[in-house]
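Visitor: I'm new to this structure and would like a close look at a single part, the nonpolar core. Could you walk me through that part and what surrounds it?

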Amino acid sequence: MDQVDHTQAAELFSAYWDEELAAEQAGALEEHLRACVVCRREYQSFERAVGAVGQLHRMVAPSGFVGGVRKKIRKRSRGRLFAPRKLVERVPYELFSLVMLGLILAIYVVLQLTQPGALKLP
Ligand SMILES: [Zn+2]
């Protein structure tokens, strides 16, 4: 591709911006941009648009943003979502499983002690 016309130039903008063009294609486009005011203006506005979008991606949420969003969701869902977990709500399940394990172990031990011959577990 030694010559690029207006339509081809416009089609190459995106790949050129992403530096995905082959050297000779990039060269042909640059040559056309140097020679053609219309496409140069076009490319400049393309650059601005893409650059603006690129800056959106780099934007960082202000500190406290996530916490604020969570708080708002919690408020609007009347505490159903993102409610702060209380220790009291979580512990009983863990405690319960421990108690159950202890109980099973106790039953096993008691059975082993009371009927040593009848119960043959590996
Ligand atoms: Zn042109």
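Guide: Let's start with the term itself: a nonpolar core is a set of buried Ala, Val, Leu, Ile, Met, Phe, Trp, Tyr and Cys residues joined through C-beta atoms within 7 Å. Keep in mind as we go that this is a predicted model.

With that in hand, here's the part you asked about. The largest nonpolar core is made up of 7 residues, namely Val4, Ala9, Leu12, Leu29, Leu33, Cys39 and Tyr43. At least two residues of this core come from each of α1 (6-17), α2 and α3 (37-58). As a general background, nonpolar side chains in soluble globular proteins tend to be buried together.

Now pick out one member, leucine 33. Leaving aside residues up to four places away in sequence, leucine 33 touches Cys39, Arg40 and Tyr43. Cys39 and Tyr43 are on the list of core residues too.

Next, look at glycine 27, which sits in helix α2 (residues 23-35). Glycine 27 counts as partly exposed because it has 14 C-beta neighbours inside 10 Å, and a residue needs 20 or more to be buried. Glycine 27 is 23 residues from valine 4 in sequence, with 9.9 Å between their C-alpha atoms. Valine 4, you'll recall, is one of the core residues.

Over in α1, the 12 residues reach 17 Å from first C-alpha to last, close to the 16 Å expected at 1.5 Å a residue. After α1 comes glutamate 19, with a positive phi near 60°.

Let's step back to the whole chain. Of its 122 residues, 6% count as buried. Among contacts between residues at least 6 apart in sequence, 41% join residues at least 24 apart.

α4 is hardly covered, with a count of 0 buried residues among its 12. Just after α4, arginine 78 has a positive phi of about 55°.

How far can you trust the picture? The average pLDDT is 84, and 84% of the residues score at least 70. Confidence is highest in α2, at a mean of 94, and lowest in helix α5 (residues 87-114), at 83. Where pLDDT is low, the predicted coordinates should not be read in detail.

Terms used
Residues numbered from 1 in each chain as written. Predicted model: local features only at pLDDT ≥ 70, side-chain atom pairs only at ≥ 80, totals over all residues. Helix = DSSP H or I, 4+ residues; strand = E, 2+ residues; numbered from the N terminus. Contact = placed C-beta atoms within 7 Å. pLDDT = per-residue confidence, 0-100. Expected span 1.5 Å × (residues − 1).
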